[in-house]
Amino acid sequence: MIMEKHDGFMKALKCRECGREYPLAATHVCEFDFGPLEVAYDYDRIKKSLTRAAIESRPQTMWRYRELLPIAGAPTVGCQVGFTPLVKADRLAKRLGIRELWVKNDAVNYPTLSFKDRVVSVALSRSKELGFKTVACASTGNLANSVAANAAAAGLKSFVFIPSDLEQGKVINSLVYGANVISIKGHYDEVNRLCAEIAGKFGWAFVNVNMRPYYAEGSKSMGFEILEQLGWRIPQHTVVPMASGSLLTKIHKSYQEFVKIGLVRDAKYHVHGAQPTGCNPISAAQKAGLDFFKPVKPNTIAKSLAIGTPADGFYALKVMKETGASAEDVTDDEVREGIRLLAECEGIFAETAGGVTVGVAKKLIASGRIPANDSVVLCVTGNGLKTLDAVAGHVGRTRDIKPSLREFEALINSEAELAAAI
Ligand SMILES: *Cc1c(COP(=O)(O)O)cnc(C)c1O
Ligand SMILES: [Zn+2]
């Protein structure tokens, strides 16, 4: 008797360059051309199982789309992740001069307040299926937080590797869960290079090295949710922050998959990329009309996006070209302004990457690359409480008084701005 292999809805790992297929193991590059491997699915079977009615009957987490996520059985890590709010941002829309604007708010993702909880829950669930006991990652901060937290909850051991100049908030947010935090004197790209060597030597599940094909697929859930929460339609524009460029490519893939299995009607859309000017290899290439990026040395307050040699930069450029989209970048001051705009208009405190996204959207709208009559979704991917250092000293000041009514009245009378607020 032939035992049927149980791989859920996955068929194989497949090279993005030559199409060669590989078993569904912890491996990420093609042996022939070093192309990245990607999960291939059985879309015919998925189409029968993943209907709108089926999705709507399931719990409100990212796992309601589980046929399109790369695990064989039921999820075992991060079962509560996702289904973050899609906020209609009318006040911000007015400020930016756009008709229809939405904020996909992954600043409140569970449990570590960034979109990385999506990719980590997939990577760790798959790691457990493959029998790993120790998980690891190379991180610009948020990934370290999420691996540390989710590994703790799953009873896995974890090693997280970070550049030594990270924000305090993100360092403490990894240490508190008892993870082994290795801080490396160097940029993320050097951390990543070291991790590739370590991954080859130790038998760990490195979420963004040997587990990358599974890990990266988790990002699609952000796109699936956007389409469902918009009432099963594709927004004309989506603005996505880029570090490695992976999230941008997976938002595009999520829209294509929902079209392919008939959950949304096909429509023209643009997936725009956002970077900080201090680390803009992908946006610089897009603006110059190039298909390849030139690596840069990062120098920006948007540390979560500070990847000078982006692994998926080439594919992100391709997606922008295919969807007729643009990339832009913004200075550190514009990042802070973006954070303030979002906070003051919508009551959402995003981290620096969110400031990048808002700042870039503002530029794209002002220049007409996003027309004023179109619909736009901004992907806000991380929480401002983790990058307080970036805005401290740039967000106004407290007025300090003694606990006396007289002092308060004197203060009001001495400042026109306060008097006007009464
Ligand atoms: C990791 C990260 C991104 C983008 O990551 P990609 O490598 O491009 O997929 C965006 N925003 C935040 C806050 C992140 O932590
Ligand atoms: Zn290949």
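Predicted model: local features only at pLDDT ≥ 70, side-chain atom pairs only at ≥ 80, totals over all residues.

User: Which value is phi of Phe34 near?

Analyst: Phe34 belongs to the loop between β2 (21-22) and β3 (37-41). Its phi is positive although the residue is not glycine, and it is near 60°.

User: Are α5 and α6 roughly parallel or roughly antiparallel to each other?

Analyst: Helix α5 (residues 142-154) and helix α6 (residues 168-175) pack with their axes 8 Å apart, at an angle of about 15°. Angles under 35 degrees count as roughly parallel. The two helices, α5 and α6, are therefore roughly parallel.

User: How many residues of the contact of α5 with α6 are polar?

Analyst: On the α5 side the contact uses Asn142, Ala144, Asn145 and Ala148, and on the α6 side Lys170, Asn173 and Ser174. Of these residues, 2 are nonpolar and 1 is charged, while the polar ones number 4.

User: Which residue has a side-chain N or O atom 2.6 Å from a nitrogen atom of ligand 1?

Analyst: Around ligand 1 there are 15 residues, and Lys116, Ala243, Ser244, Leu247 and Thr381 come nearest. Ser244 places a polar side-chain atom 2.6 Å from an oxygen atom of the ligand, and Leu247 has a backbone N or O atom 2.8 Å from a ligand oxygen atom. The side chain that lies 2.6 Å from a nitrogen atom of ligand 1 is that of Thr381.

Note on methods. Residues numbered from 1 in each chain as written. Chains lettered and ligands numbered in written order. Heavy atoms only, no water. Axes fitted to C-alpha atoms, helices over the stretch in contact; angles between N-to-C directions. Helix = DSSP H or I, 4+ residues; strand = E, 2+ residues; numbered from the N terminus. Parallel < 35°, antiparallel > 145°, perpendicular 65-115°, else oblique. Contact = heavy atoms within 4.5 Å. Nonpolar A, V, L, I, M, F, W, Y, C, P; charged D, E, K, R; others polar. Near = heavy atom within 4 Å. Polar contact = N/O pair within 3.5 Å; in protein donor to acceptor, adjacent residues only side chain to side chain.
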